[in-house]
Amino acid sequence: TGLTLSDPSLARTQCYVDGAWIGEGVDAIDNPATGDVLAKVPRFGESETTAAVEAAARAFKPWAKKSAKERSQILRRWFELIMANQEDLARIMTAEQGKPLAEARGEVAYAASFVEFYAEEAKRIYGETIPSPFPGSRIIVTRQPVGVCAAITPWNFPAAMITRKCAPGLAAGCTFVVKPAPDTPLTALALVALAEQAGFPKGVINIVTGDAVAIGKVMTSHPAVRFIGFTGSTPVGKLLMQQAASTVKRVGLELGGNAPFIVFDDADLDAAVQGAIAAKFRNMGQTCVCTNRLFVQAGIHDAFVEKFAGEVAKMKVGNGAEVGVVQGPLINERAVEKVERHVADALANGAKVMVGGKRHALGRTFYEPTVLSGVTTRMLVTREETFGPIAPVYRFADEDEVVRLANDTPFGLAAYFYTRDLGRAFRVAEELEYGMVGVNSAILGTEVAPFGGVKESGLGREGSAHGIDEFVDIKYVLMGGL
Ligand code: ADP
């Protein structure tokens, strides 16, 4: 990969199936900050994916039969190995994904936190007993692992989206076939190399790179697969859900968002500005919980925009591997084109650039962190997730209006608002049709809380004790003749 790693064996370029590293390098993976080719990875399709599913199916029963404590210990070792290799993983991630190194290190720790949490939770997958209405009997309810699981993950969180899906499933006794995003397979392969070191038996975790459509078809149609977890765009999520219907698989979907960020007149201005920076510009705006629409109440609007644009103007853009850089390149040319389209549409409809507004002088896929004011709901930025470093600011008059505007979208992942009025804090948190709400807080992610959306933003929850629910079937046993 041309990277200097303290453990060069983490630079994996083959897939891992049934305990073996296999496949020839075909598809080139490049560094979005430099254009350098880092490595080539295999292009697997139907037959290789079927083999991986079959390996996971063979591994399932023995893995599920292990004691919870044994599974817990292997997960714990994986957690420790991820943290011991945090720096190498972060370097690989920044090279293939572009996010600044500090953010990459943070993501590695975040990814590891799910493995740690579910190593603990593995031991607490409790059942229940229910008082029976039938004489001489007992009702026992247990939670059994669903079986083979498939995971399809995106490029914006190359490590965390994998562990957030796999760790709870592995804890419950499920086995996995993972397909990482084509832009960022190297972090995923390195994580799996560490899983191998941690001692997962062969077939428990498999990873395939290659033809997304072919791999997705096997994952959604093979009868052995009982759950498919996907994080990515809403159209692909809908397609996978449809495909999974043929064999009635469980689906876990974490799809697009259109997060509102609301600043009420009574907000703490400095806190709201800092919150908006964090909620908008993390990962160059390329996260599904990044705010896509900033609504600012008339009384605080001008002060907010001035201060916010001033802070955005100070952000250092560059190669994420360089010290002090807080904004890296966007993932690819297609991503920049979408940003350009949204900005051009907003300007054509009367928005004003407060800062940024064009490609960065560094060229490639670098775009200037941008604040737009005078944005209205007619514009493309209102309806589509931009997934880039653009902060569109709307002016609003009152609480009812802004709640209506905020909910006026088919999406419902994350929402944020700033206020110091206690009554309003409760009212608005309850009225927002979103799976997650940050009140005077802009960073929601933690392994201990349930992450997920409502409406077209998805199904199911990842993280927390609820995260196990996706991976277990409830079994009711009526024990009679007692
Ligand atoms: P983005 O446009 O941000 O890359 P996608 O939803 O296209 O978002 O990608 C998320 C993940 O879904 C990636 O791993 C990608 O390869 C995968 N993917 C895209 N299309 C399909 C498909 N038809 N079947 C299965 N996986 C797919």
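Me: What do strand 8, helix 6 (residues 185–198) and strand 9 make?
Reply: Together they make a right-handed β-α-β unit. Right-handed means that, with the strands pointing away from the viewer, the path from the first strand over the helix to the second runs clockwise. The strand and helix numbers count from the N terminus, and each element is a DSSP run (helices are H or I with at least four residues, strands are E with at least two). The model is predicted, so local features need pLDDT of at least 70 and side-chain atom pairs count only at pLDDT 80 or more, while totals for chains, interfaces and linings use all residues. Residues are numbered from 1 along each chain as its sequence is written.

Me: What makes strand 8 and strand 9 (residues 205–207) a pair?
Reply: Two strands pair if DSSP finds at least two bridges between them. Strand 8 and strand 9 are joined by 3 bridges, so by that rule they pair. They run parallel, and Val177 stands opposite Asn206 in strand 9.

Me: How do you know which strands pair with strand 7?
Reply: The bridges are counted again. Strand 7 has 5 bridges to strand 8 (residues 175–179), and another 5 to strand 10 (residues 225–231). Both pairings are parallel. As examples, Ala151 has Val178 of strand 8 as its bridge partner, and Val148 has Val225 of strand 10. Between strand 7 and strand 8 the chain passes through helix 5 (residues 160–172), and this β-α-β crossover is right-handed as well.

Me: Why is Glu254 called buried?
Reply: A residue is buried if 20 or more other C-beta atoms lie within 10 Å of its own, exposed if 12 or fewer, and partly exposed in between, with C-beta atoms placed from the backbone. Glu254 has 28 other C-beta atoms within 10 Å, so it is buried. Glu254 is found in strand 11 (residues 250–254). UniProt, in an unreviewed entry, lists Glu254 for "active site"; such annotations may be inferred rather than shown by experiment, and the positions are given in the numbering used here with feature names shortened.

Me: What makes Arg378 exposed?
Reply: Arg378 has 11 other C-beta atoms within 10 Å, so it counts as exposed. Arg378 is found in the loop between strand 15 (370–373) and helix 12 (380–383). Asn349 is 29 residues away from Arg378 along the chain, with 8.0 Å between the two C-alpha atoms.

Me: Why are strand 5 (128–130) and strand 22 (472–479) said to stand at the edges?
Reply: These strands belong to an open sheet of 3 strands with the order 5-6-22 and antiparallel pairing. Strand 5 and strand 22 each have a single partner strand, so one side of each is left without a neighbour in the sheet. Strand 6 (residues 138–145) pairs with strand 22 over 8 bridges, and Arg143 has Ile474 as its bridge partner in strand 22.

Me: What is the order of the open sheet of 7 strands?
Reply: The order is 14-15-16-13-12-18-19, with mixed pairing. Strand 14 (352–355) and strand 19 (436–439) each have a single partner strand, so these two stand at the edges. Strand 15 and strand 16 (residues 390–396) run parallel and are joined by 3 bridges.

Me: What makes a residue part of the shell around the ligand, and how many residues surround the ligand?
Reply: A residue is near a molecule or strand if its C-beta atom, placed from the backbone, lies within 6 Å of it. Here 13 residues surround the ligand, the closest being Ala212, Gly216, Gly232, Ser233 and Val236. Helix 7 (212–221) and helix 8 (234–244) each supply at least two residues, and helix 7 gives the largest share, 3 residues.
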